[in-house]
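Please keep the sequence and the structure in view while reading.

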Amino acid sequence: MSPSSETKTVAARPGFATRDAAARLVSAVLDRKKSLDALLDGGDVGFAGLAPRDRALARAIVATALRHHGEIAAVLDRLIDKRPPRASALAPILATAVAQILFMAVADHAAVSIAVDQIAADPAARHYKGLANAVLRRVAREGDALLAGLDPAVLDTPDWLWSRWCRTYGEADARRIAAAHRIEPSLDVTVKSDAHGWAERLGGIVLPTGSVRTAASGMVEMLPGFAEGAWWVQDAAAALPARLLAPTVAGKRVADLCAAPGGKTAALCAAGARVTAVDVSAARLRRLSDNLARLGFAAETVAADIFAWQPDAPFDAVLLDAPCTSTGAIRRHPDIPWLKRPTDVTALADLQARMIERAVALLKPGGVLVYCACSLEPEEGEDQFARALDRLPLAPLPIAAGEIGGLVEVVTAAGTVRTLPFHLPGPSPRLSGLDGFFIMRLLNG
């Protein structure tokens, strides 16, 4: 059989296309530093053409390979004396196969044999077929022994982030953060009404904050209540900023800055506010508008850079969910640790400070600003609070635990909110945790 005929034959094998897409996605993230969300939304990696069930499996493989990236690399280093060059697809194929063998409920023989087929189909990797087969079979035989003695918290966290979190939170909490990042997150939704009824229908629980949490998997669009607009997907921590404004904004003008994909806009609309949703991306705003239409809400949408945008009149309140390193959202976006760099923290902190200043300029005297960032880095949270009070005509409006479901442990002495991934323990690891957020509420003038 010619090489081209062999390639066509193995590519037609059930499961091959799914694993091939997963390996390509991992390569795009780790080697080309591409955002996983952007790749899934339109990257040319063979993902879009898969059946829904196969897309779900490919995503699960990619997420697992990224969550356990350091451990997988350490295992392969134990088994391969001299790592082959990265010119071929060998490295991501091995990584995704090891992820399936060690960390997923996938038959070992299927993971091994399809990975070997993937390598055989790649001209640049074909001559490593025997090596890959031997290595993966050994992983399947000796998995527990190969993992023994490894330190997942350190291995699965880039050095610069690990040292930051140890310095900021102490090593014990840094380990708790890293452990939370290795667990597949729940699906959190914000419901319009009847949280307990929807929790029962979705097989979930009602959190103290009012969000419904479920371990449901598969296509969100197929879950009960989605099509009729009864709820929207939103991490429980991400639901808190709008909750801090909700009791006072009925009938008032509120600007939601950096609004897409629209969860906070929806919550403000549900509270009766007259919302102007602003985002620099017209494409993301179209998605926001689609979400609002499904939910039966309406808001003014503005595609603009907030530094150039000039509204007709100031607002009663502004919610600013600022661009950030997103290190608080690693549970849901396991590519983030491998895409960000230390310099991103400084650059984004400077941008956030300018955005806060701009948000204040959009407020009426006596108006309220809620600022949030899904980051664990103090430069993007606690330091912004201090900078804002030092430089701007603002006074703190302290947040009380009773406003956010009684979560005393996340309210700081300064009256701000700092959630960490291990907060809000639940009945199981899968039903526990929060995205890492910083939230502050300030009064203008």
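**A guided reading of the model**

Pro261 is placed in the loop that runs between β5 (253–257) and α14 (263–270); helices (H or I, at least four residues) and strands (E, at least two) are DSSP runs, numbered from the N terminus. Ala260 and Pro261 are joined by a cis peptide bond, with omega about 10°. The model is a predicted one, in which local features need pLDDT of at least 70 and side-chain atom pairs count only at pLDDT 80 or more, while totals for chains, interfaces and linings use all residues. Residues are numbered from 1 along each chain as its sequence is written, and side-chain values use heavy atoms, with hydrogens and water left out.

Two further loops hold a residue other than glycine with a positive phi. In the loop between α2 (16–30) and α3 (36–42) stands Lys33, whose phi is near 55°. Lys33 is partly exposed, at a relative accessible area of 38%; buried means under 20% relative accessible area, exposed over 50%, and partly exposed in between (1.4 Å probe, protein chains only). Leu424, in the loop between β11 (417–418) and β12 (438–444), has phi near 60° and is buried, with 7% relative accessibility.

The interior comes next. In soluble globular proteins, nonpolar side chains tend to be buried together. A nonpolar core is a set of buried Ala, Val, Leu, Ile, Met, Phe, Trp, Tyr and Cys residues joined through side-chain atoms within 4.5 Å. The largest one has 69 residues, of which Leu257, Val318, Leu320, Leu369 and Ile439 touch the most other members. Its greatest contribution, seven residues, comes from strand β9 (residues 363–373). Beyond its neighbours within four places in sequence, Val318 has contacts (heavy atoms within 4.5 Å) that include Leu245, Leu257 and Leu369. Another core, of 50 residues, lies apart from this one and has Leu50, Ala97, Ala111 and Val116 among its members.

Helix α6 (residues 90–103) has 13 of its 14 residues buried, so it is largely enclosed by the rest of the structure.

Aromatic rings complete the tour. Rings of Phe, Tyr and Trp (its six-membered ring) pair if their centres lie within 6.5 Å; planes under 30 degrees apart count as stacked, over 60 as edge-to-face and the rest as tilted. By this rule there are three aromatic pairs. In one of them, the ring centres of Trp309 and Phe315 are 5.9 Å apart and the planes stand at 35°, so the pair is tilted. Trp309 is buried, at 11% relative accessible area, and Phe315 is buried at 0%.
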